Amino acid sequence: MDKTVPSPLPAHDAMAAPTASFPDWAELPYDALLAVLHRLDDVDVLAGAGQVCRLWRHAERDEPELWRRVEVRPSHNVDVTSRAVLCGLARAAVRRAAGRCEAFCGEAAVDDSVLSLLGHAAPSLKSLRIISGGWIVDERLKLTVAKFGLLEELELSLCVDTYAETCEAAGAACPLLKRFRLSRERFFRWNNTKKADLEAMAIATMRGLRELQLFASPLTYHGLTAILDGCTRLESLDVRHCFDVAMGADAIRARCPGSRR
């Protein structure tokens, strides 16, 4: 069977063949650029977006609206996983918010320097979430939380210390607080039940709470009773892995219908 081999294009036709074109990101309208940056993870913006072109660098450095909500977590997209680097990125994001940061979430990205900066540079903070906070100590954290009079949400997950004084500070200084989460990696039973209930007694001063999660907390029946007596507006209560709570599920649900145990 004959096979016809196509003849090569004439030289002038080959010259005219279309070539691949790449977008000029510097010509992207500014509103569209901000929409793109809002869709990226904050770590990706901080560590990489500014390298695209001068316009992108200007936007990520000088546009406070981009940093109203800051979320810094380990990212394998730009190979950022060390705590020191993440804390540095968290500080950079808070500074770029220029006092307008309303929500901050840091996973392995919070140390004393980040707390200090938040206390001074985020007076309008409504949500503070600290995950894997390492050795963030109660005595230091309470000083920062006391500065956030507009705070509505507070989370302390997988942190090492106990936070009775921070809870007490939140109860006194944050009248708008509606959601609180205190989650530990695993349950430990305390021999001293009074110390086991210190956090619970402080949480009971958060009068406006609607949602409360205590995961693997050492609180006892007395601590939970104090919370239910003090936080009369609770709509959702999660006390999973709190193995020293000697209160039946029906009794808890009678006082808080949205409870989980």
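This is a predicted model: local features need pLDDT of at least 70, side-chain atom pairs count only at pLDDT 80 or more; totals for chains, interfaces and linings use all residues.
Reader: How many helices and strands does the chain have?

Author: Helices (H or I, at least four residues) and strands (E, at least two) are DSSP runs, numbered from the N terminus. In this chain there are 12 helices and 8 strands.

Reader: Which strands does β4 pair with, and in what sense?

Author: Two strands pair if DSSP finds at least two bridges between them. Strand β3 (residues 127-134) is joined to β4 by 6 bridges, and the two run parallel; within this pairing, Ile-130 stands opposite Leu-156 in β4. To reach β4 from β3, the chain passes through helix α7 (residues 138-145), and this β-α-β crossover is right-handed, a term used if, with the strands pointing away from the viewer, the path from the first strand over the helix to the second runs clockwise. Strand β4 is also joined to β5 (residues 179-183), by 5 bridges and again in parallel, and β4, helix α8 (residues 164-173) and β5 form a right-handed β-α-β unit.

Reader: Is β4 mostly covered or mostly uncovered?

Author: A residue is buried under 20% relative accessible area, exposed over 50%, and partly exposed in between (1.4 Å probe, protein chains only). Strand β4, which spans residues 153-159, is mostly covered, with 5 of its 7 residues buried, while buried residues make up 43% of the 261 residues in the chain.

Reader: Which strands follow in the pairing beyond β5?

Author: Strand β5 pairs with β6 (residues 211-215) in the parallel sense over 5 bridges, and the bridge partner of Ser-183 in β6 is Phe-215. Strand β6 is in turn joined to β7 (residues 236-238) by 3 bridges, also running parallel, with Leu-212 opposite Leu-237 in β7. Here too there is a right-handed β-α-β unit, made by β6, helix α11 (residues 221-230) and β7.

Reader: At what angle do α5 and α6 pack?

Author: Two packed helices are described by the angle between their axes and the distance between the axes. The axes are lines fitted to C-alpha atoms, for helices over the stretch in contact, and angles run from 0 to 180 degrees between N-to-C directions. Helices α5 and α6 (residues 112-121) pack at an angle of about 5°, with their axes 10 Å apart. They are therefore roughly parallel to each other, since angles under 35 degrees count as roughly parallel, over 145 as roughly antiparallel, 65 to 115 as roughly perpendicular and the rest as oblique.

Reader: Why does Ser-75 count as buried?

Author: Ser-75 counts as buried because its relative accessibility is 6%. Ser-75 lies in the loop between β1 (69-72) and α5 (83-96). Contact means heavy atoms within 4.5 Å, and, leaving aside neighbours within four places in sequence, Ser-75 is in contact with Val-43, Asp-44, Val-80 and Thr-81.

Reader: Is Pro-257 buried or exposed?

Author: Pro-257, in the loop between α12 (249-255) and β8 (259-260), counts as exposed because its relative accessibility is 68%.

Definitions and conventions: Residues are numbered from 1 along each chain as its sequence is written. Side-chain values use heavy atoms; hydrogens and water are left out.
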